[in-house]
Amino acid sequence: LVFPAMEMASDHERVLILGGGDGLALREVLKYPNVKHVDLVDIDPQVITLAKTNPKLITQNNRSLLDERVNIHFEDAKKFILRELQPYNVIIIDFPDPVDPVISSLYTNELFSQTAKILSKQGVLVCQSNSPEDTPTVFWSIGKTINMAGLNTLEYNVIVPSFGLWGFHLASHFKLPRIIPSISVQHQALTSDMSNLFTIPSSIKEQRGKAVMNSIKNLNLHKLYKNEIEKW
């Protein structure tokens, strides 16, 4: 989720994380020494309280939520992004799967259009996009919705232990190259050759034509998710 966007962005001074209350994505962001300001927006204060106080979670997130560079906002992401905000160099969207209309309303053209406005011209956005294997139409629909919001998109997938094949979308105001620079911080998640991240299985690519745009007026994502997940 974190490394491709961070390495492709021209700078890391300002980072926005939508979701991610467990502090794990934040842990990876803070490895980059030129990060000066992070806004983390999560609607659930209980998750963040646990992540800041539970000894096992603190061990996992490396006390990231206690870092002085981090500003935590207990707020609906849809409302937060409407504030007057300075542009961000990296925006990381770590929302849950769109299992219901409420979460589906986070993956909308309206939200992505607004995040595009606060993404710097050379910045990079990344969005977790579900399993392209289990829910391919959901995966492609998230990408289409981001694209329709005016950003260039680039999809990738990776095997995540215990999750299986998982999908993500990178997005920016410029055309993203299919090359990720070498990861410049300590990591264990990816191999040195990351070109295979952009290799989408043909059986999944065939489903791209079924993608739809998700919007507040026409919420489709949770319906697609339910239809596809029930097949399993």
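Colleague: Which residue is the bridge partner of Ile-17 in E2?

Modeller: First, a caution: this is a predicted model, where local features need pLDDT of at least 70, side-chain atom pairs count only at pLDDT 80 or more, and totals for chains, interfaces and linings use all residues. Residues are numbered from 1 along each chain as its sequence is written, and side-chain values use heavy atoms, with hydrogens and water left out. Strand E1 (residues 14-19) and E2 run parallel, joined by 5 bridges. In E2, the partner of Ile-17 is Leu-40.

Colleague: How are helices and strands named here, and how many residues of strand E2 are buried?

Modeller: Helices (H or I, at least four residues) and strands (E, at least two) are DSSP runs, numbered from the N terminus. Buried means under 20% relative accessible area, exposed over 50%, and partly exposed in between (1.4 Å probe, protein chains only). Strand E2 (residues 37-41) is largely enclosed by the rest of the structure, because its buried residues number 4 of the 5.

Colleague: In what order do the strands of the open sheet come?

Modeller: Two strands pair if DSSP finds at least two bridges between them. The pairing in this sheet is mixed. Its edge strands, E3 (70-73) and E6 (152-160), each pair on one side only. The 7 strands run in the order E3-E2-E1-E4-E5-E7-E6.

Colleague: Which residues touch the most other members of the largest nonpolar core?

Modeller: A nonpolar core is a set of buried Ala, Val, Leu, Ile, Met, Phe, Trp, Tyr and Cys residues joined through side-chain atoms within 4.5 Å. The largest one has 38 residues. Helix H1 (residues 3-8) gives the largest share, 4 residues. The members that touch the most others are Val-29, Val-38 and Leu-170.

Colleague: What angle does helix H7 make with E5?

Modeller: Helix H7 (residues 109-117) packs on the sheet and touches E1, strand E4 (88-94) and E5. Contact means heavy atoms within 4.5 Å. Axes are lines fitted to C-alpha atoms, for helices over the stretch in contact, and angles run from 0 to 180 degrees between N-to-C directions. The direction of H7 makes an angle with that of E5 of about 145 degrees.

Colleague: Is H8 roughly parallel or roughly antiparallel to H10?

Modeller: The axes of helix H8 (residues 136-148) and helix H10 (residues 221-229) come within 8 Å and cross at roughly 155 degrees. Angles under 35 degrees count as roughly parallel, over 145 as roughly antiparallel, 65 to 115 as roughly perpendicular and the rest as oblique. So H8 and H10 are roughly antiparallel.

Colleague: How far apart in space are Ile-200 and Glu-155, C-alpha to C-alpha?

Modeller: Ile-200 sits in the loop between E7 and helix H9 (202-205). Not counting residues up to four places away in sequence, Ile-200 touches Trp-140, Glu-155, Tyr-156, Asn-157 and Lys-205. Ile-200 and Glu-155 are 45 residues apart in sequence, yet their C-alpha atoms are apart in space by 8.3 Å.

Colleague: What is the relative accessibility of Ser-105?

Modeller: Ser-105 lies in the loop between helix H6 (101-104) and H7. Beyond four places in sequence, Ser-105 touches Lys-78, Ile-216 and Leu-219. Ser-105 counts as buried because its relative accessibility is 10%.
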